[in-house]
Protein chains: 2
Amino acid sequence: MAKITRQRQAVLAALDSATSFCTAQELHDVLRHRGEKVGLATVYRSLQLMADAEEVDVIRSDGGEASYRRCSAKHHHHLVCRVCGRAVEVSGPAVEAWADRVAGEHGFSEVSHTVELSGVCASCSEEGGAEAREL
Amino acid sequence: MAKITRQRQAVLAALDSATSFCTAQELHDVLRHRGEKVGLATVYRSLQLMADAEEVDVIRSDGGEASYRRCSAKHHHHLVCRVCGRAVEVSGPAVEAWADRVAGEHGFSEVSHTVELSGVCASCSEEGGAEAREL
DNA sequence: TTAATTGCAAATCCTTTGCAGATTC
DNA sequence: GAATCTGCAAAGGATTTGCAATTAA
């Protein structure tokens, strides 16, 4: 079973230090800058394993790439700023309830849902275009 | 502006006859079987145009492919069966309102949201594993 | 020791693009 | 006739995979 290798820990650490969702390639860059030598394929493989073990969340961007995020135990969603990329975690009891109800009405069970909100945060909309320097 | 070509109409027709979401490649196959000669690239291009014009819905599957579906004019979401792939359109006034409120609370504007529900539909869960033969 | 893991590069898969010829308006 | 399409094949970008060398247990 799963061995605890330097690479695996590095990927986890990179994931932990990320503010929001990251693609495998972004994580690979982070590791590279940190001086950790980890192959891109290994990053992909590690993320896959973690995703299978449900240790990380996976979402698909519009471009089709997979983004990963280490997830806290509890279920929640994200509100991401389209301009600066800042993300806020929001819990949505209302949404959870809605999802269950709607699913139930249609006879569905074992329901899971994906909810992602995006918009422009206060600072970015005021300044009319402050760039994202923080990634 | 948009020309009405045989290929374009064929893609639209294929999309209309589909029960649920289809990938570009699936649509291409459908057309092929119907005897319509339409290049794969053309299918992609048509779908892109339609998606831009908001004439079709686009979602990303777990595998990373884009799936398209002709949609009614109004905004709505989908409840998809993980087993047979059947999809139900659900409107979510509750979700829309929630999204706006949450975003507002965090100072975000120009909010958009993505919501997809998946589960196992009644027939599939009863039969404990009836396969999806219909695609 | 030994099964699991890594790295690299080649291979895949989905999607996009360049371009010459065909089409719609 | 002019601006748009289409098809094909080549190009791209993300992710996967084969395999020999490496490493944790």
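Start by selecting B:Arg32 and B:His33: these exposed residues sit on the face of helix H2 of chain B that is turned away from its buried side. Keep in mind as you go that you are looking at a predicted model.

**Stop 1: the other side of the helix**

Now select residues 24-34 of chain B, which make up H2(B), and colour B:Ala24, B:Leu27, B:His28 and B:Leu31, the buried residues of this helix. Turn the view until you look down the axis of H2(B): the buried residues fall within an arc of 105°, so they line one face of the helix. The spacing has a simple background: an α-helix has 3.6 residues a turn, so residues three or four places apart point the same way.

What do the buried residues of H2(B) pack against? Show helix H1 (6-17), strand S1 (22-23), helix H3 (40-52) and strand S3 (66-70) of chain B, and you have the partners.

**Stop 2: where chain B meets chain A**

Zoom out and bring up both chains. The contact draws on 38 residues from chain B and 38 residues from chain A. About 2900 Å² is buried between the two chains, with carbon and sulfur atoms giving 64% of that area. On the chain B side, pick out B:Arg60, B:Trp98 and B:Phe108; these lose the most area to chain A, together 24% of what that side buries.

Next, look for specific pairings. How many salt bridges does the rule find across the interface of chain B and chain A? The number is zero, while two residue pairs are in polar contact between the chains, both at pLDDT 80 or more.

To see which elements of chain B are involved, select strand S4 (77-81), strand S5 (87-90), helix H4 (93-105), strand S6 (109-120) and helix H5 (122-126): each supplies at least two residues of the side that touches chain A. S6(B) gives the most, with 12 residues. Colour that side of chain B by residue class and you will find 18 nonpolar, 15 polar and five charged residues.

**Stop 3: an arginine in chain A**

Finish in chain A by selecting A:Arg69, which lies in strand S3 (residues 66-70). Is this arginine buried or exposed? A:Arg69 counts as buried because its relative accessibility is 5%, and buried means under 20%. Show its surroundings: leaving aside residues up to four places away in sequence, A:Arg69 touches A:Leu15, A:Ser20, A:Phe21, A:Val56, A:Asp57, A:His76, A:His78 and A:Glu89.

Methods: Residues numbered from 1 in each chain as written. Chains lettered and ligands numbered in written order. Predicted model: local features only at pLDDT ≥ 70, side-chain atom pairs only at ≥ 80, totals over all residues. Heavy atoms only, no water. Buried < 20%, exposed > 50% of the residue type's maximum accessible area, 1.4 Å probe, protein only. Helix = DSSP H or I, 4+ residues; strand = E, 2+ residues; numbered from the N terminus. Arc of directions from axis to C-beta. Contact = heavy atoms within 4.5 Å. Buried area = accessible area lost by both parts, 1.4 Å probe. Salt bridge = Lys/Arg side-chain N within 4 Å of Asp/Glu carboxyl O. Polar contact = N/O pair within 3.5 Å; in protein donor to acceptor, adjacent residues only side chain to side chain. Nonpolar A, V, L, I, M, F, W, Y, C, P; charged D, E, K, R; others polar.
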